[in-house]
Amino acid sequence: AQRQGSQGRKPQFQNQKFQPQVQKEGQIDRAPIKGQLRIIPIGGLEEIGKNMTIFEFENDIIIVDMGLEFPSEELLGIDYVIPDVKYLEKNKKKIRGIFITHGHLDHTGGIPYILPKLDFPPIYGLPLTIGLIAERIEEFKIQKFTKLNSVKSDEKIKLGNFSVTFFRVAHSIPDSMGIIIDTPAGKIVTTGDFKFDETPARNIQKAEMAKMEEMGRQNVLALL
């Protein structure tokens, strides 16, 4: 028997062609977002040194690393090479903070030269990294204007559209870290310099492997 409509009529059905939604392997469903995430490396690619990357979403910018490069044989009379920051100078009001992965000069050496051009945005890093930066800042006599922030690897920093957390990595210098950047467009992971070392020197903490494993179960948009 077929059930009748509320007024004794048979219900009317419209034949519609079914269109199955096929999701490709590895494809992730994401809700539509407003705004655009831009990742802009301005140093450190296909070269040793000048490590510096811009992350921009709408009116917010954060920077990871601010290094220098030692000159090659062709650059006679040049002491250091630093990244070109003209884009940042034009957009310095958008800059919310600078995160430094570790204390080597190819990641920190550009700070005293570049920071004054950008109106001294705050700098974040693990304790040894911040201590090494502080010494360089004092050499250049700009400590009065510089905002240094020592963080722990289990902290979370919220700056505009960005939520930033950290994980320790093994490297040849203590207090090296990778950075997890949560954005409205997705999660970005930047490792900094790292190696796998189960027996680090006694003054170097072990890498936080559990955090790395957990990231593998999350929807990471990009790994840098």
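A: The account below begins with one asparagine and then turns to a sheet. The model is predicted, so local features need pLDDT of at least 70 and side-chain atom pairs count only at pLDDT 80 or more, while totals for chains, interfaces and linings use all residues. Residues are numbered from 1 along each chain as its sequence is written, and side-chain values use heavy atoms, leaving out hydrogens and water.

Asparagine 51 is found in the loop that lies between β1 (37–43) and β2 (52–57); strands are DSSP runs (E, at least two residues), numbered from the N terminus. Asparagine 51 counts as buried because its relative accessibility is 15%, and buried means under 20% relative accessible area with a 1.4 Å probe and protein chains only. Beyond its neighbours within four places in sequence, asparagine 51 is in contact (heavy atoms within 4.5 Å) with several residues, including Gly43, Val64, Met66, Asp106 and His107. Aspartate 106 is 55 residues from asparagine 51 in sequence, yet their C-alpha atoms are 6.1 Å apart in space. With histidine 107, the side chain of asparagine 51 makes a side-chain polar contact at 3.3 Å; such a contact is a pair of N or O atoms within 3.5 Å, and within protein one must be able to donate a hydrogen and the other to accept it, with residues adjacent in sequence counting only if both atoms are side-chain atoms.

The sheet is open and mixed in pairing, with five strands in the order β7-β8-β9-β10-β11. Its edge strands, β7 (156–159) and β11 (220–223), each pair on one side only; two strands pair if DSSP finds at least two bridges between them. Within this sheet, β9 (residues 177–183) and β10 (residues 186–190) pair in the antiparallel sense over five bridges.

Methods
Helices (H or I, at least four residues) and strands (E, at least two) are DSSP runs, numbered from the N terminus. Buried means under 20% relative accessible area, exposed over 50%, partly exposed in between (1.4 Å probe, protein chains only).
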